[in-house]
Structure formats: C-alpha cells, structure tokens
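User: I would like to learn how to read the features of a protein model. Could you take me through one step by step?

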Amino acid sequence: METELPQAQDGSVHLLQITDTHLFASAEGRLLAVRTAESLAAVLEQVQANAHPYDLILATGDLSQDHSPESYQRFAAMMAPLSRPIYWLPGNHDDSPLMTEHLHAAGISEAKQLVGCAWLDQHNLKNADDLFAVLARHPQQKTILFGHVHQEFDEVHRGVRLISSPSTCIQFKPLSDGFALDESGPGWRYLTLYSDGRIASQVWRLPVGQFVPDPNATGY
C-alpha cells in the first residue's frame, strides 16, 4: 500500500520501529521465561519518557506468539497511548487474516514490504535475487527495514542498506550458526528519513538484566 508520510518543515520523516513483541492472549504469557507483555510495556514506557520525536510507528512482525485474537487486541490496546499512526507487517508467528481483522478494527493498517546467522538466514526470501534485481532498477529505493531476527543489524548489501531492530522481548546472539540467546536488553529503533535520501538511525535498549530469558533454552 502507498503510505503518505507526515513530514517536518525540513521535509524529514521520523519513524519508530517496534518489532517482535510475541504477545499472548494472556498478559502472563512467557516466551523463554520472559513475560512479553511486561517487556513491551517497559519499552513503551521508556519510549514515552524519551524526548525523541517520531511521526508514525512501524510494527514489523511477530506481534503475536500464539496467533490469538486476544494477542492482537492486546497489542492495539498497549500501543494506543502513543497516539501515532501505526503500520504493520506480518511475521512467521502471525496470522495475517486475524491481524487484518483485529488491527484494522483498531485503526492499525498493513504496510507492504538476511543477517549472518545460519539458523535465521534459512528463513530469508527464496527469491532474494529477484528482489535485488527490482531494487537495482529503482535506485531511489536504498534501504530495507525489517524485524524477525531479534537483533540489531545495519549493513549494506549489493548497494542496499539492510536494517533490523532488536525485539521488545528476547534477543538472539549475533553471528551464531545455531540458536543462541543474547544478554542485551529489549530494544527499539528510531529513524529519520531526510528529503535528500539520507537515513539516520539509532537503537535504544532497556538496561541489561531487566528481562532475562531462560539461559538453558535450546529453541523457541
């Protein structure tokens, strides 16, 4: 879908990326021992306390862990106090029809749309070459923003900048061939899109140790 972005006087657009919230029907739902609603609430509390500006929110997938209607309703209710337009993308844990039904009802719209970890990279696009071929024909498209990998990533591949953000709950260890958790805190990302094509970006995190996943976990 085409999204008309609000612009500041200098033509810039400020974004907040929230990703991989993994909410459950119950507020007590845990992912590898972390209460995901509680960690999201802590992230949103800090976002509201920050003076960092943002015009809209991108929620880039895996908003639900149990793909229940209640989990999407919980996401919408928790995000409502931010009072900004929200656009979402589905993840592999999401149920797209349920997202459309329950998030649209809350005024949250769908947006249209690779990292050095072998166990994650197997979930990449099967037609990635086709995607980059299309991007090569449209050089004004210089950046891809995504979630799903539960870690900070910001590198250029074949002339395209690839940016991912930490999850609001558990984090995966970077550059790991097998499943491994990281001790970094839940996080989020701010981005500023300038009229000349530049993108400034900054990741923020909660303090280490505030939400600690099960250290013995071998998968999820």
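Predicted model: local features only at pLDDT ≥ 70, side-chain atom pairs only at ≥ 80, totals over all residues.

User: Is Y54 buried or exposed?

Analyst: Residues are numbered from 1 along each chain as its sequence is written, and side-chain values use heavy atoms, with hydrogens and water left out. Buried means under 20% relative accessible area, exposed over 50%, and partly exposed in between, with a 1.4 Å probe and protein chains only. Y54 has a relative accessible area of 7%, so Y54 is buried.

User: How is the pair of Y54 and Y190 described?

Analyst: A pair of aromatic rings is described by the distance of the centres and the angle of the planes. Rings of Phe, Tyr and Trp (its six-membered ring) pair if their centres lie within 6.5 Å; planes under 30 degrees apart are stacked, over 60 edge-to-face, and the rest tilted. The count here is six aromatic pairs. Y54 and Y190 make a tilted one, with 6.5 Å from centre to centre and 35° between the planes. Y190 is buried too, at 1% relative accessibility. Y54, W188, Y190 and W204 form one aromatic cluster.

User: What joins the side chains of N50 and Y190?

Analyst: A polar contact of 2.9 Å. Such a contact is a pair of N or O atoms within 3.5 Å; within protein, one must be able to donate a hydrogen and the other to accept it, and residues adjacent in sequence count only if both atoms are side-chain atoms. At 12% relative accessibility, N50 is buried. Leaving aside neighbours within four places in sequence, N50 is in contact (heavy atoms within 4.5 Å) with W188, Y190 and W204.

User: Which residues touch the most other members of the largest nonpolar core?

Analyst: In soluble globular proteins, nonpolar side chains tend to be buried together. A nonpolar core is a set of buried Ala, Val, Leu, Ile, Met, Phe, Trp, Tyr and Cys residues joined through side-chain atoms within 4.5 Å. Here the largest core has 37 residues, and L16, I18, F75 and L103 touch the most other members. Helix 1 gives the largest share, six residues; helices here are DSSP runs of H or I with at least four residues, strands are runs of E with at least two, and both are numbered from the N terminus. Not counting residues up to four places away in sequence, F75 touches T21, L23, L40, A59, L63, L103 and I108.
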